Amino acid sequence: MSTPASPAPDRGSAAAFLGPLRRTPPLVFAMAVLGLGLVTASAVAVKGLRRANDAITVTGASTERIRSDFADWMVVVSAGGASQQESWQALQPLVQRSRTWLQEQGIAAAELSLDPVRSDREEVRDPRTGELRSVSWTSRQTLRIASPDVDRIARVSAGIGSLIGEGIPLTIEEPAYTFTKLAEKRVDMLAKATRDARQRAVAIAREAGSGIGAITNADTGLFQITRPNSTDIGDGGSYDTRTIDKDITAIMGVTFRVE
C-alpha cells in the first residue's frame with residue numbers, strides 16, 4: 001500500500017503563526033517565517049518523500065528596501081468673518097500668500113492646484129431659550145501639491161509652519177509618499193519569494209534522498225509595505241505612506257511535487 005501524501009498546512013495554521021510575530025524585528029520575523037517553512041516541510045519529509053505523488057509545502061519570503069517616487073500633500077487655508085462674503089474676502093490674500101510661499105520654496109506651478117472654496121455657517125444660540133445670538137462664517141480652500149520630488153516635499157512640509165507665524169490659519173496634512181511602480185515590483189517580489197521556497201524545498205528533499213518537481217500550488221500569504229524596520233504586520237497586508245523609504249515584504253506558501 002502506498003504512503004499517502006501529507007496534507008499541506010492550512011491557512012489557519014499560517015494565521016496562528018503570524019500573530020505572535022507582530023512585535024518581532026523584521027529580520028528575525030523573516031527568519032522565523034522561513035523557519036516555519038522548514039519545520040513544516042521537514043515534518044512532511046519525515047513522513048515519507050518516497051513516491052512521485054508526494055508533495056511538500058514550504059514558506060518562502062522576500063524583503064527589500066524601496067524608495068518612494070511620488071508625494072501628495074494638502075494644506076488647508078481658512079479665514080472667518082461675520083458674513084459669507086466677508087470670510088471669502090479675508091481668505092483670498094491668505095491663499096495667495098500661501099501659494100507664493102510654496103513657489104518660493106521651489107514648488108512648480110504645475111505641481112500646485114486649488115480646490116473650490118468651501119464656506120460653513122456657524123450659529124451661536126442661547127442654551128436655555130434656543131434664541132439665535134450670533135452668526136459667523138468660515139471659508140476654507142485646500143492647496144494640493146503633487147510632485148515626484150519627494151525630498152523637496154519633505155523639506156517644504158517641515159517648514160510651512162512659518163506661515164502660521166505670519167498669522168495665516170493653516171491645517172497642514174502629512175505628505176503621502178507612494179511608489180508608482182508597485183505593480184511590477186509586486187510580481188518581482190513574489191517571484192523571489194517563490195524561488196526562496198524552492199531552494200528550501202530542495203534542501204529538505206535532499207536530506208530525504210528525494211528531488212523536487214513542479215509546483216502544484218502557490219498561495220500568497222502576505223504582501224505589505226511598511227516603514228523601515230517596522231514590526232507591524234497587517235492581516236490583509238498594509239501600505240505605509242508616511243515615510244519616503246519603506247520595506248516591502250512578500251511571503252509565499254508553495255507546494256512542490258516530490259520526485
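Predicted model: local features only at pLDDT ≥ 70, side-chain atom pairs only at ≥ 80, totals over all residues.
Residues are numbered from 1 along each chain as its sequence is written, and side-chain values use heavy atoms, with hydrogens and water left out.

Back to R125. R125 forms a salt bridge with E123, and their closest N and O atoms are 3.1 Å apart. By salt bridge I mean a side-chain nitrogen of Lys or Arg within 4 Å of a carboxyl oxygen of Asp or Glu. E123 is partly exposed too, at 39% relative accessibility.

Now let's step back to the whole protein. Its secondary structure comes to six helices and nine strands; these are DSSP runs numbered from the N terminus, with H or I for helices (at least four residues) and E for strands (at least two). Of the 259 residues, 39% count as buried. The protein exposes about 14,100 Å², and carbon and sulfur atoms supply 52% of that; the areas come from the Shrake-Rupley method with a 1.4 Å probe, and for residues, only the protein chains shown count as cover. As for contacts, meaning heavy atoms within 4.5 Å, look at those with a separation of 6 or more: residues 24 or more positions apart account for 74% of them.

Next, please find helix α6, residues 182-207. Its 26 residues reach 38 Å from first C-alpha to last, close to the 38 Å expected at 1.5 Å a residue. That expected span is 1.5 Å times one less than the number of residues. Among the buried residues of α6 are L182, M189, L190 and T194. Which residues does T194 touch, leaving out those up to four places away in sequence? They are I215, M252, V254 and F256. T194 counts as buried because its relative accessibility is 18%. After α6 comes G209, with a positive phi near 75°.

Let's return to charges. Side chains of opposite charge can pair when their charged atoms come close. The count here comes to 21 salt bridges. One of them joins E64 to K192, with the closest N and O atoms 3.1 Å apart. This pair links distant parts of the chain, since E64 sits in strand β1 (residues 55-67) and K192 in helix α6, 128 residues apart. E64 is partly exposed at 23% relative accessibility, and K192 is partly exposed at 29%. E64 and K192 also belong to a network of salt bridges with K185 and D188. Elsewhere, D120 pairs with R118, where the closest N and O atoms are 3.9 Å apart. D120 is partly exposed at 28%, as is R118 at 44%.

I'll finish with a backbone detail. Most residues other than glycine have a negative phi. N229 is not a glycine, and yet its phi is positive, about 60°. You will find N229 in the loop between β8 (212-226) and β9 (245-258). Is N229 buried or exposed? Its relative accessibility is 57%, so N229 counts as exposed.

Conventions. Buried < 20%, exposed > 50% of the residue type's maximum accessible area, 1.4 Å probe, protein only.
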